[in-house]
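Subject: Structure handover and notes on helix packing

Hello,

I am passing a structure on to you, with notes on what turned up in it. Please read the notes with the coordinates open.

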Amino acid sequence: MHDMSRPEIRAARPDPGPAEGEAQDLAFLLAQVARGDHQAFEAVYGQLAGPVYGVVRQVLRDPAQSEEVAQEVLLEVWRSASRFDPARGSGVAWVLTMAHRRAVDRVRSENAGSRREQKVASETVTEYDDVADIVETSLEGQRARRCLDSLTDLQGESIKLAYYGGYSYPEVAQLLGVALGTVKTRIRDGLIRMRDCMGVMA
Amino acid sequence: MHVLTGSYALDALDAQERAEFERHLQHCPSCQAEVRGLRETAARLAIARAAQPPAQLEQRVLAATYRTRQLPPLPADRLRRDLGQTRLARLARLARLFAGRPAADQPDSSHGHRSDRRSDRRSDRRSDRRAARRSDRGRGSGWSNNWLRSPRLVGAVAAASVAAAVGLGITQVSTQHQLDSAQATSAAIAKVLDAPDARIEATSATAGGAVTVVVSALQREAVVTTRGMPSLSSSRVYQVWVMSSSGARSVGLLSSTAHIGELLASGVQSGDQIGITVEPSGGSSRPTTTPVATVPVTA
């Protein structure tokens, strides 16, 4: 039953992370940036400005505001590169988490009022599928879209509204007319399914 | 709480829930692992929406970098401290398992002991939280306070855990891969310690040092922890085995110099024994010496 001589200690799966080679370069570049290397920062900018700007604008919609937030985020990458910890995830995830969160925080701080609620009421989910001038993307981006399409409707819509729409899960629940618990579960299940679809490991 | 990993990764929690979840996350290695994977996934959602930034953005950002002072790195031992915190939380759990033992059960005697942690789970959880909070605050005198009800070994485990977190073992972890395996193993170990049927067995080794085994029969896994085993020459190592009537199966090697050792044994069942032998460095395919410690596995 068991191979008597083989150690049974559980080995961790190696973590290929996101785009493997690229991610490693990025981790290396970020370490250079942390030491004040402007050239390395230009390279980081080249890799990430598109996704950063794209995701921020996806959430904020307004181009001028998006540009402002993207600039803040990219400058923050310069400023806090020394705090990037490759043990906790890829550089891509570090930067894009920061970008998304900033955009969302901006939306939420501005939308204590009613403007957003009206928007919530009129918004349709499909809007997130046809934003103009998306850069024709990496294979990775295409794959992500395919994987997103493979989810159930409720999973996919919950994720798009939460991530691209920048809505909190209670807002998503309200928009979709489903229970809070259902949304929480669909978001998690859907993301797990996407993760597996894309072969992300962590 | 766990179901919030997805919403957290998508920034779909409000500020209060986010803060609560982050507190929970600090002491939930399996949530950390899941959040990490889901964050990577969310990053792909961003990549799928990459857009051409306005042309002037680049110049503006690059120019700003020349006017912007960078943050200094966090203290050098940060990675170790993070791992150490996981370990502290885990050892607090271990100590809590001991805390459920009858007071008469003295750990230093040479036969195995067990206790059942199922008693009083709720107050256990409270004390776990207290312990966790304490480990957050630092490693002061709090360790010896009342949440540890069984004095000696518990105190020792706790004290040793502080030593472990500060120094040994963790310092060896350096590359990302090692960190990843450490985290994955850490999560697996936490799962055993958290299992509803976790039972603890403790014994002391013949040449000194203590061996603790936490077994989950449901998961068929055991966490083997050693503390204060005598150092060996560089040509010898401690090897841990799962011994059954059909033979001995290696679990892995313990560093011959670390004060604290920890291994996860899989495929363990009632009736097996966990044994530790001294072997030539590199380990053996079967035990070649008399075990310095054996701990029976009972479910």
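This is a predicted model: local features need pLDDT of at least 70, side-chain atom pairs count only at pLDDT 80 or more; totals for chains, interfaces and linings use all residues.

Helix α2 of chain A

Helix α2(A) runs over residues 38-60, and its end C-alpha atoms are only 29 Å apart. A straight helix of 23 residues, at 1.5 Å a residue, would span 33 Å. There is a kink of about 50° in α2(A) at A:L48, shortly before the proline A:P51. After α2(A) comes A:R61, which has a positive phi, near 75°.

α2(A) against α4(A)

Within chain A, α2(A) packs on helix α4 (residues 91-110) with 9 Å between the axes and an angle of about 25°. Angles under 35 degrees count as roughly parallel, so α2(A) is roughly parallel to α4(A). The crossing of α2(A) past α4(A) is right-handed. From α2(A), the contact uses A:L48, A:P51, A:V52, A:V55, A:V56, A:V59 and A:L60.

α6(A) against α3(B)

Helix α6 of chain A (residues 139-149) packs on helix α3 of chain B (residues 29-47) at an angle of about 105°, and their axes are 8 Å apart. Since 65 to 115 degrees counts as roughly perpendicular, α6(A) is roughly perpendicular to α3(B). A:E140, A:G141 and A:A144 of α6(A) meet B:R44, B:L45 and B:I47 of α3(B). The classes here are 3 nonpolar, 1 polar and 2 charged residues.

α3(A) against α4(B)

α3(A) passes α4(B) in a right-handed crossing. Chain A contributes A:E67, A:A70, A:Q71, A:L74, A:L75 and A:W78 from α3(A). Chain B contributes B:L57, B:R60, B:V61, B:A64 and B:T65 from α4(B). This contact has 7 nonpolar, 2 polar and 2 charged residues.

Chain B against chain A

In total, 66 residues of chain B contact 81 residues of chain A. The elements of chain B that give two or more residues to its side of this contact are α1 (5-9), α3, α4, α8 (176-194), β6 (247-254) and β7 (260-266). Which of them gives the most? That is α3(B), with 13 residues. The side of chain B that touches chain A consists of 35 nonpolar, 19 polar and 12 charged residues.

Regards

Conventions:
Residues are numbered from 1 along each chain as its sequence is written. Chains are lettered from A and ligands numbered from 1 in the order in which they are written. Helices (H or I, at least four residues) and strands (E, at least two) are DSSP runs, numbered from the N terminus. The expected span of a helix is 1.5 Å times one less than its number of residues. The bend at a residue is the angle between axes fitted to the seven residues ending there and the seven starting there. Axes are lines fitted to C-alpha atoms, for helices over the stretch in contact, and angles run from 0 to 180 degrees between N-to-C directions. Angles under 35 degrees count as roughly parallel, over 145 as roughly antiparallel, 65 to 115 as roughly perpendicular and the rest as oblique. A crossing is left-handed if the near helix is turned anticlockwise from the far one by less than a right angle, and right-handed if clockwise. Two residues are in contact if their C-beta atoms, placed from the backbone, lie within 7 Å. Ala, Val, Leu, Ile, Met, Phe, Trp, Tyr, Cys and Pro count as nonpolar, Asp, Glu, Lys and Arg as charged, and the others, Gly among them, as polar.
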